[in-house]
Amino acid sequence: MAVILEFDESIAHAVGSALGGSSTVLTDASQLPPHVAATGDPLVVIGPSVDAAVAARVTAATIEAQPIAGIIWLRRRVDTSTVLEAIRAGASDVVGESDLPALVAAADRVLGRANTVATATGDPAAVGATPRGTVTAVFASKGGCGKTSIATNLACLLSSEGQKRVAILDLDLESGDVQLLMSLPRGRSILDVAALGSGVDTGSLAACMSAHSSGTYVLPAPRRPEEAAGISPQLVSRAVELAASMFDHVIIDCPPYATEHVLSVLDIADHLALVCTPDAASVKNTAIALEMFDELNFKGHISLMINHAGDKVGITTSDISEALNYPVTCEIPTSLDLPLATNSGRILTLTHPRHPITTALRDWSTLINPPLAEAVTAQAQKKTVPAQRKHRFFSKRVATS
Ligand SMILES: Nc1ncnc2c1ncn2[C@@H]1O[C@H](COP(=O)(O)OP(=O)(O)OP(=O)(O)O)[C@@H](O)[C@H]1O
Ligand SMILES: [Mg+2]
């Protein structure tokens, strides 16, 4: 299961014991890539006696030979330059030599990710037979409306209660915070997917995702805003299509404006959760967004969600619905329990299954995750009615204000 590259026998033994199960110890770095390619072992630990330059070379070669391999570096010193070198080479994690609990946690993350890849890609016949997952974009044309809170809580709800395979993609490329809100350690991101170029496939996409304890898989945004420039709309479309072939639901957390990347996602999204709050600016911007989506022939798939619904601020849900001439399908109340959960590293829908916010999201989620009987009927209809080709608007640039 695990492969350990380490020249010191006693260190190799200690690492093997910490990981448990069976492991193979190699003492020749050149053997690592062909060994991993041949066995498909998902976990590799490169020990502290392996020189950093050799570790970088062999990491890159191993990932080239087996893209889903997760490689952990055990280092005598873990400083910024070591971490950067490891990340550049494609390693999943860097852990201090004596920090065996951290090694075990890193190994668990690698193996969790490998399991998803196996589920998604292991049986080609099964994958072919699996219907494409639904793609839901959570969008608002104003910042701070609650998009990320809704996207993350919805994804975890579908994953835990719905027992669905769920992925969440952070499309807020310049300031995405899905990874932070889900308390995930920094791992790979969509930037690593971009680095794979046209070679990206389901295995390498899954290898760039991080697993949340709810079972949700996360493709984080780049860490730094300037890195967003390296991600093309085409790459985003490709990543979303691949994710839809691997997961039952793909939830996309959008930035607060209609970028080309958002438009490329809307081309392939099945649902758009349009979030509005009871304030004049949000209502005005939502009206403009609705006009834009109407022009783009996307109206039939839009759900209008009111976050902070019921706040006594002089604008009610029915005022909003009337002003926008659009039905409201979800009302999420204000509750300090939400930021309280987020700030303590928890997801409200997981910790508070009966909370009014959880109930609102659960009720709404039946739109994208219908009960089994309805899903079977919908699937049968899909087979008999030729799919209407949606208007494609990837190349259009549209401003919402
Ligand atoms: N229903 C709610 N009740 C209480 N607080 C909420 C609610 N919805 C969102 N918040 C809080 O509002 C803040 C903004 O939420 P969030 O980050 O989800 O918005 P966003 O639309 O993703 O913002 P941005 O445009 O910056 O990405 C957070 O502190 C969040 O906890
Ligand atoms: Mg956000």
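Leu 242 touches Val 200, Asp 201, Thr 202 and Leu 205, leaving aside residues up to four places away in sequence. The model is predicted.

**Leu 242 and its surroundings**
- Helix H11 spans residues 233-246, and Leu 242 lies in this helix.
- Leu 242 is buried because it has 21 C-beta neighbours inside 10 Å, and the cut-off for a buried residue is 20 or more.
- Gly 133 is 109 residues from Leu 242 along the chain. The C-alpha atoms of Leu 242 and Gly 133 are separated by 9.9 Å.

**The protein chain as a whole**
- The secondary structure of the protein chain comprises 18 helices and 13 strands.
- The protein chain has 401 residues, and 45% of them are buried.
- Take the contacts in the protein chain with a separation of 6 or more: 74% of them involve residues 24 or more positions apart.

**The shell around ligand 1**
- Ligand 1 is surrounded by 19 residues. The closest are Gly 143, Gly 146, Thr 148, Ser 149 and Pro 339.
- Sorted by class, the shell around ligand 1 holds 10 polar, seven nonpolar and two charged residues.

Methods. Residues are numbered from 1 along each chain as its sequence is written. Chains are lettered from A and ligands numbered from 1 in the order in which they are written. This is a predicted model: local features need pLDDT of at least 70, side-chain atom pairs count only at pLDDT 80 or more; totals for chains, interfaces and linings use all residues. Helices (H or I, at least four residues) and strands (E, at least two) are DSSP runs, numbered from the N terminus. A residue is buried if 20 or more other C-beta atoms lie within 10 Å of its own, exposed if 12 or fewer, and partly exposed in between; C-beta atoms are placed from the backbone. Two residues are in contact if their C-beta atoms, placed from the backbone, lie within 7 Å. A residue is near a molecule or strand if its C-beta atom, placed from the backbone, lies within 6 Å of it. Ala, Val, Leu, Ile, Met, Phe, Trp, Tyr, Cys and Pro count as nonpolar, Asp, Glu, Lys and Arg as charged, and the others, Gly among them, as polar.
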